[in-house]
Amino acid sequence: MLFFKLINSSFRRNLRIYIPYLVSMSMLVAINYIFKAVAINGSIKKLPSAAVTKVLMETGSTFIILVTLAFMVYVNRFLWQQRQQEMGLYSMLGMTSHNLQILTIIEKCYLLVISLIVGLFFGVIFDRLAFLGFARLLKIDQLSQSWIEWPAITSTVFIIGSFFVLLIIIDLIKLQKMKPTELWHPQISKIAQHGKFFTFAGILGVGLLAWAYYLTITVKPKISALSTFMLAVILVVIGTYLVFIAGSIIVLKLLQRNKHFYYQPRHFIATSGMLQRMEQNGASLATICLLCSSILVTLFTALTLYAGINDTVNSFAPKDINIITSQPLSKAQKATISTVAKQYHAHLAKPTSFTTSAPQYGYWKNNRFVNEGSLNNMSNKTTSSVITMTTSNYNRLTNNHVKLASNEALVYSPAKKRSGNLQIGAQKYHAKRLAHFDYYFNPSHSIYSPIFIITNKLPNNSSTINITGINYQLNGNKKTHINFENTLQARLGLQNSNYSSRINIQSLLTSLYGGIVFLGILISLALGITTTVVIYFKQITEGYEDKKRFQTMQQVGLSEQETTKSIHSQVLMVFMLPVGGAIINLCFAIPAIRQILIQFNFYNLHLMVIIALTITLILLCLYFIIYGLTTKMYRKIVNQA
């Protein structure tokens with residue numbers, strides 16, 4: 001009974017620590033449950049995109065589990081520091097090491113039970129809302145879900161319970177190794193001496209960031225773009241930690257040498273205090289910066305993909321049905337199309353048919369296209385394909401009357417604007433850029449962006465393809481349209497490379513990108529919770545560390561108003577660095593993400609900028625709300641008698 005009284009008393013005394021922890025932990029439990037519940041839902045397994053959705057949910061669930069573990073280990077370290085003196089007092093009053101171990105186990109069991117009960121309660125409630133949002137993103141009405149997914153509850157309890165067992169083991173090992181006097185007397189942080197190593201580390205950090213930013217700016221839309229981006233991410237992580245830990249010390253020392261800045265009460269206290277403990281503080285700032293960067297990049301990529309679905313669909317299927325053959329459609333094929341249309345009562349519009357050269361794959365070296373041949377001959381350098389159309393076909397399709405000389409051409413290149421003197425193979429052209437081309441599409445559905453060249457005649461010895469586009473009207477739901485398109489493909493005996501239908505592609509992309517958005521929102525929410533708690537506990541830790549220092553300064557003449565200004569100066573300095581770094585990281589990530597999205601046939605840079613600005617403004621608003629709350633808590637701790 002005594003143990004429970006001590007635990008209850010400790011909880012009441014440390015509400016400002018335990019309440020934020022339990023709230024955050026409960027939210028992470030809820031998110032873990034939601035992922036598990038969505039992943040095992042029976043109606044999702046019946047979808048055509050069930051395999052992709054399952055992989056997305058499993059990937060997201062694994063990531064959230066890792067975030068939860070990292071969060072629990074980080075906060076447990078803080079809780080241990082706060083309860084260290086309390087444990088020492090109990091030891092001085094006669095408690096044995098065994099008693100302290102029992103006390104630690106009971107405390108963790110308290111936290112586990114409360115986190116699970118509250119988290120699963122809200123998880124079950126918000127799972128319904130999350131599932132409705134998921135169905136809306138996928139644009140599917142037939143999804144259903146039971147109120148409680150018991151396997152998801154069991155899995156969540158097991159995972160969270162296992163993590164708490166791990167924390168108990170860590171705390172028991174610490175208790176076993178520490179002496180009572182070490183529990184009672186807090187460790188006094190020593191002022192570190194920063195030599196040439198920190199200067200080198202700071203310069204190295206700046207160099208790594210510069211290298212990462214160079215990679216993101218210069219990456220090309222080729223098969224290695226994703227691996228290049230991942231290398232840049234690793235460099236940013238390492239560089240950010242070095243810059244915030246070592247580079248920040250260099251900056252603070254420079255500020256210290258600036259007498260006009262340093263010898264002001266609010267700057268003096270903030271700068272000197274941060275300089276004394278910058279190793280730990282810098283790591284926390286770097287963690288906050290990277291968490292904010294992850295939120296921005298995750299949401300930006302997911303929302304951009306989803307918002308650009310129509311653009312991607314248009315590039316794969318400019319008409320409702322698109323047929324690619326080596327020769328114009330035969331009478332038998334046309335008869336088959338008419339028969340299937342009558343079977344489904346579909347009204348077909350007049351087909352659009354034209355001939356182009358077969359796509360030739362390669363890469364651009366300045367304004368010269370290096371032709372590598374067919375798709376089978378692609379290499380790590382391959383970035384795009386070239387498709388040539390005759391002027392007569394272009395005029396017939398667009399109702400224009402364009403006349404070109406033998407060395408002139410029109411070029412439509414949405415991925416990268418090209419014009420002027422171009423060389424394709426042995427032929428040199430003076431090309432004029434087209435602002436728009438309705439019949440632009442990617443006939444092979446490859447990751448390489450096509451460029452359409454309009455000239456008087458096709459290149460010599462080039463193979464050709466015939467493209468037939470058909471729009472249709474059909475009464476019925478999406479399933480009826482998909483059945484009609486699939487039946488037509490089967491009756492024509494065409495492979496996926498020779499046949500593409502708009503509703504099918506749109507349905508597939510909506511399922512895929514909708515799942516990515518759902519994943520991105522939940523992951524960003526988990527990262528946001530983690531970021532908030534890291535900031536909160538960091539401010540509390542620094543508040544306790546600064547409390548005695550501020551009291552000493554007030555005793556020697558620092559006014560309360562000057563104390564308040566100093567607090568705001570220090571907290572604002574600490575707060576703006578991570579979010580500023582996150583915004584810089586996003587700005588440099590956008591070019592690389594754009595090159596990757598080009599491989600998904602997404603070219604809308606204007607839309608990307610709007611999404612980036614929107615999520616950045618939302619993050620800043622939330623960030624400053626956290627700033628206001630944590631500053632208030634920090635000031636309250638510092639001003640305590």
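This is a predicted model: local features need pLDDT of at least 70, side-chain atom pairs count only at pLDDT 80 or more; totals for chains, interfaces and linings use all residues.
1. The β4-β5 pair. Strand β4 (residues 360–365) and strand β5 (residues 368–373) run antiparallel and are joined by five bridges. Within this pair, Tyr-361 of the model has Gly-373 in β5 standing opposite.

2. The largest nonpolar core. In soluble globular proteins, nonpolar side chains tend to be buried together. Here the largest nonpolar core holds 107 residues, and the members that touch the most others are Tyr-21, Phe-300, Phe-518 and Phe-537. Helix α16 (residues 502–555) supplies the largest share, 17 residues. Domain 1 (1–185) and domain 2 (198–312 + 504–640) each contribute at least three residues to this core.

3. Phe-537. Which residues does Phe-537 touch, leaving out those up to four places away in sequence? They are Ile-17, Tyr-21, Val-75 and Phe-78. Of these, Tyr-21 is, like Phe-537, among the four core members that touch the most others.

4. The second core. A separate core of 22 residues is also present, and its members include Ile-324, Ala-358, Leu-410 and Tyr-412.

Terms used:
Residues are numbered from 1 along each chain as its sequence is written. Side-chain values use heavy atoms; hydrogens and water are left out. A nonpolar core is a set of buried Ala, Val, Leu, Ile, Met, Phe, Trp, Tyr and Cys residues joined through side-chain atoms within 4.5 Å. Buried means under 20% relative accessible area, exposed over 50%, partly exposed in between (1.4 Å probe, protein chains only). Helices (H or I, at least four residues) and strands (E, at least two) are DSSP runs, numbered from the N terminus. Domain bounds come from an automatic or database domain assignment. Contact means heavy atoms within 4.5 Å. Two strands pair if DSSP finds at least two bridges between them.
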